[in-house]
Amino acid sequence: MSKVFSKADQRFMCEALALAELGRGQTRPNPVVGALLVRGGRVLARGYHRRAGLPHAEIEALSRKGVRTQGATLYVTLEPCCHQGRTGPCTEAILRAGIRRVVVGCCDENPLVSGRGVLHLRRAGIRVDVGCLDDECRKQNRAFFLWVRAHRPWVTLKVATTLDGFIGSGEVRPRDLSARFVTGQAARAHAHLLRSQHDAVLVGVGTVLADNPRLTVRLPGSAGLSPLRVVLDGHLHTPPSARLIRQLGTPRLLIIGAQPREEASDASARLGRERALRRAGAEILLLPADRAGRVPIRSLLRALAERGVQSLLVEGGSRVHGAFISAALVDSVAFFVAPSLAGAGRPIAEGQGLDWRTPLRLRRFEVSAVGEDVLLQADVLGPKLRRRN
């Protein structure tokens with residue numbers, strides 16, 4: 001029988017979830033975690049994990065000066081760690097503090113923890129209740145869980161589209177700059193918020209050539225929140241003068257290309273392009289190509305995961321969208337739909353595609369108005385949940 005949590009338990013856990021979000025984008029490779037110390041229905045202290053290497057949320061709450069921890073209840077969104085990492089085990093600090101009860105949002109899927117933290121506390125005589133707002137807590141760290149479990153980042157496909165499914169005019173470089181924008185200003189600002197919530201943002205070289213984007217976060221108070229910027233560019237055609245290479249205060253641009261074959265006819269020219277990009281300040285990562293000479297999406301995700309990237313926002317264009325969908329490596333979508341009809345242009349996705357009998361199916365739709373546009377967000381059903389037609 002599952003544990004039934006009181007309204008007070010849920011209220012305190014909800015506040016802990018909000019605290020955890022304050023660390024979003026700063027804690028990698030650790031998860032985001034929030035904690036509250038409570039006695040008699042009153043919050044004694046709050047804490048959240050601010051950055052990797054700094055105290056965990058539990059320690060920050062327990063270490064508040066002047067707070068008497070003996071006999072209090074600790075609410076924490078994620079199972080306390082029980083191993084020695086860059087910081088000490090949180091379970092030991094909880095035991096020393098004399099905590100009476102620990103309410104855990106969800107267990108940690110990290111193999112180093114994975115139920116051991118809860119077991120350690122229970123064996124020491126502390127009451128531990130697990131699963132308060134379990135779904136919300138799991139969703140908050142789903143990218144981290146996928147990263148430790150499958151060794152790849154959580155992939156969100158972000159699209160700005162007309163109602164009839166076009167993301168651009170199809171021109172390589174539109175003369176009218178306004179033609180680059182499908183959606184309104186409010187939607188574009190929300191897209192910057194999405195960037196700030198992901199570890200990395202990726203576009204294809206076609207988007208770089210057409211739009212010359214910066215891929216930075218440009219919101220009030222967003223200094224230092226720009227994610228790793230990645231360009232998928234198999235043959236290294238990104239111009240060294242591209243704006244995203246020379247953005248100050250951001251991580252160095254990462255260009256992922258395909259390793260050239262020894263018999264490639266343009267080997268010399270390609271080497272020259274690679275050297276020019278490195279001199280301009282870009283980092284080049286070459287991965288083994290598939291038979292078609294393209295970078296396999298799974299290899300790309302594995303390489304990003306090795307760099308600690310847990311969440312990836314894929315912003316386009318059509319061929320990149322199509323490649324991720326064809327590989328069935330999309331975990332969620334964020335579609336900004338403009339109230340307009342174009343009749344022609346660049347479609348949302350191009351490429352090999354999936355069998356129409358077994359497409360990626362979506363669930364948990366959230367629909368919201370963003371200015372004059374509509375934002376559709378949903379998760380992709382996992383392999384075991386996908387229905388057959």
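Helices (H or I, at least four residues) and strands (E, at least two) are taken here as DSSP runs, numbered from the N terminus. The model is predicted, so local features need pLDDT of at least 70 and side-chain atom pairs count only at pLDDT 80 or more, while totals for chains, interfaces and linings use all residues. Residues are numbered from 1 along each chain as its sequence is written, and side-chain values use heavy atoms, with hydrogens and water left out.

I begin with strand β3, residues 73-78, which contains Thr-77. Thr-77 counts as buried because its relative accessibility is 2%; buried means under 20% relative accessible area, with a 1.4 Å probe and protein chains only. Leaving aside residues up to four places away in sequence, Thr-77 touches, among others, Met-13, Leu-17, Val-32, Cys-106 and Gln-140, where contact means heavy atoms within 4.5 Å.

I turn next to helix α7. This helix spans residues 185-196 and reaches 17 Å from its first C-alpha to its last, close to the expected 16 Å, a figure given by 1.5 Å times one less than its number of residues. Its buried residues are Ala-187, Ala-191, His-192, Leu-194, Arg-195 and Ser-196. They pack against β6, β12, β13, β15 and β16.

Which strand is largely enclosed by the rest of the structure? That strand is β12, because six of its six residues are buried. β12 pairs in the parallel sense with β6 over four bridges, and likewise with β8, residues 200-204, over four bridges; two strands pair if DSSP finds at least two bridges between them. Within β12, Leu-312 is the bridge partner of Val-155, and Ala-200 also stands opposite Leu-312.

Technical notes: Buried means under 20% relative accessible area, exposed over 50%, partly exposed in between (1.4 Å probe, protein chains only).
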